[in-house]
Amino acid sequence: MTKNIMIVGVGGQGTLLTSRILGGITLDAGYDVKLSEVHGMAQRGGSVVTFVRYGEKVAEPIVEQGQADVLIAFEKLEALRYAHFLKKDGVLIINDQRIEPITVVTGAAQYPQHIIEDLEKEHTVYKINAMEEAKKLGNAKVFNIIVLGMAAKHMDFSKEAWLNVIEKTVPPKTVQINQKAFLASYES
């Protein structure tokens, strides 16, 4: 059976690193893995979407609408934008952070209100203010790993496997803070 995970955010939020960690843990577990990345205007704060599909044999890397088992959203509006990809029994992990797109900044559009509350009406939602938690750890850059720790609770891999793949994937000088960030939400 193939598992489908989507990671959505805006440029610079660490979606690609997070997808590499997910790809690494699934490979280490012996699964066939396919990764795919879709970059909008990522360098200008646009959407970034990554797909991670794993199972005994995976034919293609793209997750179709209504097929994601887990949707990890690093920003609330991105969660709303891609929620239709979730399965009926899928899980939505949301970082409770607001990053206004250029259309909102320029006044051409309004940022939607009550995003998380509206998503909770139709989906199983777990939210975390990962940026606040990352600042408590002294490094705002690790907020994506805090979100991943929350998501990892809803996947079938051991804590030790996660810590091992984080160590192999992140830059050596950041291993300790990334593992600490992961545990901050995984063990909460």
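**Helix packing and nonpolar cores**

I looked up helix 7 and helix 8 and found that they cross right-handed, the near helix being turned clockwise from the far one by less than a right angle. The model is predicted, so I note that local features need pLDDT of at least 70 and side-chain atom pairs pLDDT 80 or more, while totals for chains, interfaces and linings use all residues. Numbering runs from 1 along each chain, and side-chain values use heavy atoms, without hydrogens and water.

Helix 7 (residues 159–169) packs on helix 8 (residues 175–186) at about 150°, with axes 9 Å apart. Helices here are DSSP runs (H or I, at least four residues), and axes are lines fitted to C-alpha atoms over the stretch in contact, with angles from 0 to 180 degrees between N-to-C directions. The pair is therefore roughly antiparallel (over 145 degrees). I listed the contact residues (heavy atoms within 4.5 Å): helix 7 gives Lys159, Trp162, Leu163, Ile166 and Glu167, and helix 8 gives Val175, Asn178, Gln179, Phe182, Leu183 and Tyr186.

Next I looked up helix 5 (residues 130–137) and helix 6 (residues 143–152), whose axes come within 8 Å and cross at roughly 115°. This crossing is right-handed.

I then checked the cores, meaning buried Ala, Val, Leu, Ile, Met, Phe, Trp, Tyr and Cys residues joined through side-chain atoms within 4.5 Å, with buried set at under 20% relative accessible area (1.4 Å probe, protein chains only). The largest has 38 residues, and Ile21, Leu22, Ile72, Met155 and Trp162 have the most contacts inside it. Helix 6 supplies its largest share, eight residues. Apart from this core lies another of 22 residues, including Val63 and Leu77.

Technical notes. Helices (H or I, at least four residues) and strands (E, at least two) are DSSP runs, numbered from the N terminus. Angles under 35 degrees count as roughly parallel, over 145 as roughly antiparallel, 65 to 115 as roughly perpendicular and the rest as oblique. Buried means under 20% relative accessible area, exposed over 50%, partly exposed in between (1.4 Å probe, protein chains only).
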